[in-house]
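Take a walk through this predicted model. Keep the coordinates open and follow the stops in order.

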Amino acid sequence: MSETFLLRGARILDPAQGYDAHGDLLIRDGRIYALGPDLAPTADAAVVTLPASWVLTPGFVDLHAHLREPGFEAKETIQSGAAAAARGGFTTICCMPNTQPVTDSAATIAYVRDRAKDAPARVRPIAAISKGEAGKELAEMAELAEAGAVAFSDDGRPVSSSRLMRSALAYAAPLGLPIVEHCQDEDLVGAGVMHEGAIATLLGLPGWPAAGEDVMLARDLALVRLTGAKYHAAHLSTAGAVALVRQAKREGLPVSAEVTPHHLLLTDAWVAGERSGPLADALAALGIAVPPGARYDTATKVNPPLRTTDDCAALLEGLRDGTIDAIATDHAPHTTVDKACEYADAAFGISGFETALASLLALVHAGRLELPTLVAALTVRPARAWNLDAGTLAPGAAADLTIFDPDEPWTVEPGRFASRGKNTPLAGLTLRGRVRQTWLGGRRVYDVGGEYPSF
Ligand SMILES: [Zn+2]
């Protein structure tokens, strides 16, 4: 059935084409047909008029999410994760292989793709680097690429063996797919559960030093120099890591990197219940009160850990100057039980899809980040980093769209998340900016005003 829509009136922002103006978008048969000012409606077009204050962008692309299925369906399923993604404006989500079984075989990739076929987001599986993510023996990488993997990673864990990492890079190079590293020197980090510094000492928690990330990244970059293979650093969290990636890009190495909203916005002080750092500053500048949090709130426990204000500033600078390609959520849903325990025993991770945009918009409202840069880091920059067919409103592209009101205030109520993971340190905070509609292949898969099934 032919379906044609004319979306009019919103600010259309597509960094892939350098387009930023109020205008119209014509969608036909699930694809972008035309974009421009004052398009004439065709006879068959359903006209959707949007407020001029709303922003229409390509659907967001997330290079790093944990959907937990197969194996951990109490935390999330592919359906519930994709529904959460749609609510957050994400239309393409790359899911990590640390499931049970690990996504290290063509059969598991096929299972994930099959489970995702009617999901309200495009799910692109990342395959494991090593069998069982055990770090001993390479998975069958060519077979995994053939089955539809978009990248390789043992995320959740680093590839500790330099020899195995070298082989992984060498095997991935002819496949053209990136190796994605969770940069953590496990020996150095040990049992660390939060950033190593004064606050960890005060709280009596084992520290996870910034050097634990920098050491692993520096090793990997040496191996990229050796092999020439594509490499992507997941969830940068330290100023040192930003400097290493900047230098590697200057050398012309085929390196890309991502940063999460929480590492840009939150600091280790949050673990002590003191909500300081870029998000708190930005909300305060908007006149939005940020009440103190609870000490040892396990919702702040994430890997790598929340770091210092200086690290946040370096990450933001890296995002603005293009050192860091993409914003990725590292959406990591957990059950309440996984988090309702002592800090040291709690699971690492934040349920990130549904708060990503609103939390990041605080930086835009506070004048710290330009909206086109933010949108580029959520759309075209991740798509180009991994050669994904997404992230643009160019004619012919799939009609994957995110439409948001940049100003609408709302309060984060995890109980209302589509995600099964209610674990967020932002619970109860008021943020400004809200996804209103998400379209996937010319179909509305989320509308804040509409009725949608919960999963
Ligand atoms: Zn990781």
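Which residue lies over the face of Y33? R28 does, at 4.7 Å from the ring centre. A further charge-over-ring contact involves R307 and W208. Here the charged end of R307 sits over the W208 ring, 4.6 Å from its centre.

Now turn to the pairs between rings. The whole structure holds three aromatic pairs. One of them joins F5 and W439.

Next come F90 and F353. What geometry do the rings of F90 and F353 have? Their centres lie 5.6 Å apart and their planes are at 45 degrees, so the pair is tilted. An edge-to-face label would need over 60 degrees, and a stacked one under 30. This pair, too, links distant parts of the chain. F90 sits in strand β7 (residues 90-95). F353 sits in the loop between α12 (336-339) and α13, 263 residues away from F90.

β6 runs parallel to β7, and four bridges join the two strands. Across this pairing, A65 stands opposite C95 in β7.

The buried residues are L371, T373, L374, V375, A376, A377 and L378.

L374 leads on to the nonpolar packing. The largest nonpolar core has 98 residues. Which of its members touch the most others? They are Y231, L236, L279 and L374. Helix α13 (residues 356-365) gives the most to this core, with eight residues. Look at L279 in detail. Leaving out residues up to four places away in sequence, L279 touches L265, L266, W270, S359, A362, L426, L429 and L431. There is also a second, separate core, with 19 residues. Its members include Y19, L25, L50 and A397.

The last stop is the metal. Which residues are the protein donors of the zinc ion? D155 gives OD, H182 gives ND1 and H235 gives NE2. These donors lie 2.0 to 2.1 Å from the zinc ion. Along the sequence, the spacing of the donor residues is D-x26-H-x52-H. D155 lies in the loop between β9 (152-153) and α4 (162-172), while H182 lies in the loop between β10 (179-181) and α5 (186-189). The pair therefore ties together parts that are 27 residues apart in sequence. D155 and H182 are both buried. Water is not among the atoms, so a site like this may look incomplete.

Definitions and conventions: Residues are numbered from 1 along each chain as its sequence is written. This is a predicted model: local features need pLDDT of at least 70, side-chain atom pairs count only at pLDDT 80 or more; totals for chains, interfaces and linings use all residues. Side-chain values use heavy atoms; hydrogens and water are left out. A nonpolar core is a set of buried Ala, Val, Leu, Ile, Met, Phe, Trp, Tyr and Cys residues joined through side-chain atoms within 4.5 Å. Buried means under 20% relative accessible area, exposed over 50%, partly exposed in between (1.4 Å probe, protein chains only). Contact means heavy atoms within 4.5 Å. Rings of Phe, Tyr and Trp (its six-membered ring) pair if their centres lie within 6.5 Å; planes under 30 degrees apart count as stacked, over 60 as edge-to-face and the rest as tilted. A charge sits over a ring if NZ of Lys or CZ of Arg is within 6 Å of the ring centre and within 35 degrees of the ring normal. Donors are N, O and S atoms within 2.8 Å of the metal (3.2 Å for Na, K and Ca); water is not among the atoms, so sites may look incomplete. Two strands pair if DSSP finds at least two bridges between them.
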